[in-house]
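Trainee: I have a structure open and I'd like to learn how to read it. Can we go through it together, one question at a time?

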Amino acid sequence: QGYEGLVEGGDNIKQANWLSVSNIIQLGGTVIGSARCKAFTTRAGRLRAARNLVEHGITNLCVIGGDGSLTGADIFRSEWAGLLEELVREGQISEEVARKNCRLNIVGLVGSIDNDFCGTDMTIGTDSALHRIMEIVDAITTTAQSHQRTFVLEVMGRHCGYLALITALASGADWVFIPESPPEDDWEDHLCRRLTE
């Protein structure tokens with residue numbers, strides 16, 4: 001459950017093995033779960049997370065997420081030495097354990113369906129989101145044709161129109177709205193003319 005799992009510890013931290021990761025690559029979403037974690041935004045929460053990592057001997061962390069997750073990872077990295085010192089001071093870990101775990105290696109991967117991160121060809125989540133959208137479009141298209149109706153499909157993408165734009169191209173949509181190019185004032189009349197044609 002993301003940082004929530006780090007803070008709570010216990011059964012939330014478990015070793016992945018062949019059986020637990022087999023046949024998941026084609027699934028949308030995430031099998032490891034995701035959660036917003038208010039506790040991790042506090043030093044006390046990050047201290048608990050550090051304690052749980054040290055307890056499991058984990059010194060490598062792969063953070064997959066967006067702005068909040070990656071910002072949290074950077075803060076956690078910068079505080080790591082101080083968190084270990086505090087755990088030693090409070091008697092929660094020994095100095096020897098702190099020495100063994102003195103370095104926290106973090107890899108940050110952009111996990112976002114928006115595909116709006118500079119320097120990546122495609123962010124994690126974009127491809128599976130597009131595939132899922134196209135499955136829906138294929139299903140809706142036959143219904144629209146048989147009923148001779150127009151359908152409106154809204155896709156996710158916060159402030160980024162990548163999914164909408166690529167879906168429109170792939171499906172041959174007649175109209176697409178994207179936040180990067182807001183519609184002109186008379187867009188309703190233009191759309192009606194297009195539909196009439």
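Trainee: How far apart do the C-alpha centres of domain 1 and domain 2 lie?
Mentor: The chain is split into domain 1 (2-110) and domain 2 (126-196), with bounds that come from an automatic or database domain assignment. The distance between their C-alpha centres is 39 Å.

Trainee: What kind of model is this, and what was counted?
Mentor: It's a predicted model, where local features need pLDDT of at least 70, side-chain atom pairs count only at pLDDT 80 or more, and totals for chains, interfaces and linings use all residues. Residues are numbered from 1 along each chain as its sequence is written, and side-chain values use heavy atoms, with hydrogens and water left out.

Trainee: What pLDDT does the chain average?
Mentor: First the term: pLDDT is the predictor's confidence in each residue, from 0 to 100. Where it is low, the predicted coordinates should not be read in detail. Here 99% of the residues score at least 70, and the chain average is 91.

Trainee: Which element of the chain has the highest mean pLDDT?
Mentor: Elements are DSSP runs numbered from the N terminus: helices (H or I, at least four residues) and strands (E, at least two). The lowest mean, 88, belongs to helix α2 (residues 18-21). The highest, 97, belongs to helix α3.

Trainee: How far apart are the end C-alpha atoms of α3?
Mentor: The expected span of a helix is 1.5 Å times one less than its number of residues. For the 13 residues of α3 that gives 18 Å, which agrees with the model, since the end C-alpha atoms are apart by 18 Å.

Trainee: Which elements cover the buried residues of α3?
Mentor: Buried means under 20% relative accessible area, exposed over 50%, and partly exposed in between (1.4 Å probe, protein chains only). The buried residues of α3 include Gly 45, Arg 46 and Leu 47. What covers them includes α1 (3-8), β1, α4 and α5.

Trainee: Is Arg 46 buried or exposed?
Mentor: Arg 46 sits in helix α3. Contact means heavy atoms within 4.5 Å, and leaving aside neighbours within four places in sequence, Arg 46 has contacts that include Phe 40, Ile 75 and Glu 79. Its relative accessibility is 8%, so Arg 46 counts as buried.

Trainee: Which residues does Ala 98 touch, not counting those up to four places away in sequence?
Mentor: Ala 98 is in helix α5 (residues 95-100), and at 12% relative accessibility it counts as buried. Its contacts are Leu 84, Val 88 and Ile 93.

Trainee: In β2, which residue is the bridge partner of Val 63?
Mentor: In a regular strand the side chains alternate between the two faces of the sheet. Strand β1 (residues 60-65) has Leu 61, Val 63 and Gly 65 on its covered face, with Asn 60, Cys 62 and Ile 64 on the uncovered one. Two strands pair if DSSP finds at least two bridges between them, and 6 bridges join β1 to strand β2 (residues 105-110), running parallel. The partner of Val 63 there is Gly 108.

Trainee: Is Asn 115 buried or exposed?
Mentor: Compare two asparagines in loops. Asn 23, between α2 and α3, has a positive phi of about 60° although it is not a glycine, and its relative accessible area of 66% makes it exposed. Asn 115, in the loop between β2 and α6, has a positive phi near 55°. With a relative accessible area of 13%, Asn 115 is buried.
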